[in-house]
Amino acid sequence: MTVCRDCCCGSRTKHPGVDHDAQLDGLRAALEPVHRVRTSLCLDVCSQSNVMVVQPGSAARRGGARPVWFGLVLDDAVVSDLVAWIRSGGPGVAALPAVLELSVITPPVLTDR
């Protein structure tokens, strides 16, 4: 899992009611060491701040699974649902729960600059 923690993601200014450090600590406590949780600089989806990307495992990726992007992950219930989905296998292994479909976003299109 990659958690954006740059300009607006993880910003108390933009989301003062969210304890971003506690959210990241909670993800790590719930998922590591089985699943790696890392932070990233800007993932270029600032309109959807608090972006998280769940990567499929190697076997699932070989089977065609792709990363799933989530935006506006600001609520503990969404984080809990993400953790449960990842623990059950994540992309390409476990069906995405309907409640998480509400948080899925389209990844940015990368272009040569």
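Q: In this predicted model, which residue in strand 2 does threonine 2 stand opposite?
A: Look across to strand 2 and you'll find arginine 38.

Q: What makes strand 1 and strand 2 a pair?
A: Pairing takes at least two bridges between the strands. Strand 1 (residues 2-4) and strand 2 have three bridges, in the parallel sense, so they count as a pair.

Q: Why are strand 2 and strand 5 called edge strands?
A: Start with the whole sheet: it is open, with five strands in the order 2-1-3-4-5 and mixed pairing. Strand 2 (38-40) and strand 5 (104-105) each pair on one side only, so they are the edge strands.

Q: Which strands does helix 3 lie across?
A: Helix 3 (residues 76-87) lies across strand 3 and strand 4 (68-70), and runs at about 15° to strand 3. Helix 1 (residues 20-31), meanwhile, lies across strand 1, strand 2 and strand 3 (52-54), at about 140° to strand 2.

Q: Which residues is leucine 82 in contact with, leaving aside its neighbours within four places in sequence?
A: They're Met1, Met52, Val54, Phe70, Val73 and Leu100.

Methods. Residues are numbered from 1 along each chain as its sequence is written. This is a predicted model: local features need pLDDT of at least 70, side-chain atom pairs count only at pLDDT 80 or more; totals for chains, interfaces and linings use all residues. Side-chain values use heavy atoms; hydrogens and water are left out. Helices (H or I, at least four residues) and strands (E, at least two) are DSSP runs, numbered from the N terminus. Contact means heavy atoms within 4.5 Å. Axes are lines fitted to C-alpha atoms, for helices over the stretch in contact, and angles run from 0 to 180 degrees between N-to-C directions.
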